[in-house]
Amino acid sequence: MIPKSEILKTLAGYDKKKLAIATLCSHSALQIFTGAKQEGFKTIGIVTKKKKPMYDAFPLAKPDEYIVVDDYHSSADALNSLAERNVIFVPHGSLIEYVGKDIGNLRVPIFGNRRVLFWEADRHKMFQWMKKAGLRMPSSTGPDKIKGPHIVKFPGAKGGRGYLIVSSPKEFREKTTHLIREGVVAKKDVEGALIQEYLTGVRFYPHYFYSPLEKEGLRVGEGRLEMLSVDRRIETNIEEIYRSHAAGLKTEPSFAVVGNMPVILRESLLVDIMDMGKRVVEASIDLFGGIPGPFCIETICDDEFKFSAFEISARIVAGTNLYPKFSPYTPYIFKEEMSTGRRIAREIRLAVAQNKLDKVIY
Ligand SMILES: Nc1ncnc2c1ncn2[C@@H]1O[C@H](COP(=O)(O)OP(=O)(O)O)[C@@H](O)[C@H]1O
Ligand SMILES: [Mg+2]
């Protein structure tokens, strides 16, 4: 991974009055560009020919300038060229999917702490982080000890695609053998699968923002933690599987995200939600130097109102796209309209004013 000192050198050469914000045109780019414009930044979008008309269809949100590439998988050169252009790059889920491990070596300064992207990508590391934060988590087990419903997550199988539900060692063997035969997963994916207790309850995906620069509010580390919004993911086909079951079909559930729904929490539950966020930030400070910027904890709330967490997304999540102007919570923190996208740009602006860009960028 490129050392932080290199990134700071690049930043030192930047004209701070002419900073631009860039991202890949995908995931939450419309929101990121809109927020950056609201805060007065120039915006640059890396885009494919195919996707460009979609972004042009939203004139107020499209970037001021495009860099057209053939394919996001091979966009590292385009991304690196941004380091000569006063750019701060905002990462999102699609960047991780398309650019993967190469993110570590990108020369362009990235908003947030790029170390976290590796803690997010490796399930074992993520669980270590979650455990250190003291989050309640579903138990996990080996293939021969499965008793009762478990969800099987294959390595790298992102977006919930290809996950299985099994209740016994026999069912695990049968279903995974079938998947291997069909060529859906490899044998080594089955060997490396996570077999996790299937949780009953209601899912909530709270969106947080950690600012090392702001002081007024819920203090964490040297800064404050903000709770910006909450969503619930719409996952096919689990979401409406009762319709198939009602028709007598024995459809196997799948968990691929296709959209998001807005959610508001019972106010008393915010105590635990804020506490989980606080502990995730504190653990991140101890483990890898902190997590400035947006993140999300993926949770399930049971009927005793206890939250279990099964994942952390350590960057802007697409569920924040529900709130391009404000959420039910942001008016209690900000007098002006605030989205997560705008919040990112605001943090960059604050950091420039306080001469502390090094705290929010790597
Ligand atoms: N332990 C669990 N119990 C019940 N449902 C789960 C559990 N873990 C995950 N899910 C469901 O599967 C989806 C995808 O799981 P997740 O661990 O977030 O994987 P991904 O890396 O694909 O995002 C979740 O959004 C949730 O709906
Ligand atoms: Mg997830």
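## A walk through the chain

Take the contacts in the chain between residues at least 6 apart in sequence: 65% of them join residues at least 24 apart. Two residues are in contact here if their C-beta atoms, placed from the backbone, lie within 7 Å. What you have on screen is a predicted model, where local features need pLDDT of at least 70, side-chain atom pairs count only at pLDDT 80 or more, and totals for chains, interfaces and linings use all residues. Residues are numbered from 1 along each chain as its sequence is written, while chains are lettered from A and ligands numbered from 1 in the order in which they are written.

Now for the overall shape. The C-alpha trace spans about 65 × 45 × 40 Å along its principal axes. A compact globule of 362 residues would have a radius of gyration near 21 Å, and the chain agrees, because it has 21 Å. (That radius is taken over C-alpha atoms, and the globule rule is 2.2 Å times the number of residues to the power 0.38.) Of the 362 residues, 38% count as buried; buried means 20 or more other C-beta atoms within 10 Å of the residue's own, exposed means 12 or fewer, and partly exposed is in between, with C-beta atoms placed from the backbone. In secondary structure the chain comes to 12 helices and 14 strands, which are DSSP runs numbered from the N terminus (helices are H or I, at least four residues; strands are E, at least two).

Let's start with strand 2, residues 42-48, which is mostly covered, with 5 of its 7 residues buried. Strand 2 pairs with strand 1 (residues 20-24) in the parallel sense over 5 bridges; for two strands to pair, DSSP has to find at least two bridges between them. Along that pairing, Ile21 stands opposite Thr43. To get from strand 1 to strand 2 the chain goes through helix 2 (residues 29-38), making a right-handed β-α-β crossover. Right-handed means that, with the strands pointing away from the viewer, the path from the first strand over the helix to the second runs clockwise. Strand 2 is also joined by 5 bridges to strand 3 (residues 65-69), and these two run parallel. There, Val47 has Val68 in strand 3 as its bridge partner.

A few backbone spots deserve a look. Most residues other than glycine have a negative phi, and most peptide bonds are trans. His27, in the loop between strand 1 and helix 2, has a positive phi, near 65°. His27 is buried, because 22 other C-beta atoms lie within 10 Å. Phe305 also has a phi near 65°, and its place is in the loop between strand 13 (293-301) and strand 14 (307-313). Phe305 has 11 C-beta neighbours inside 10 Å, so it counts as exposed. Then there's the peptide bond from Thr236 to Asn237, which is cis, with omega near 0°; Asn237 is found in strand 11 (residues 223-237).

Finally, the domains. The chain is divided into domain 1 (4-110), domain 2 (123-136 + 200-359) and domain 3 (140-197), with bounds from an automatic or database domain assignment. The centres of domain 2 and domain 3, taken over C-alpha atoms, are separated by 27 Å. Their contact takes 7 residues from domain 2 and 6 residues from domain 3. On the domain 2 side, strand 12 (residues 255-262) gives the most, with 3 residues.
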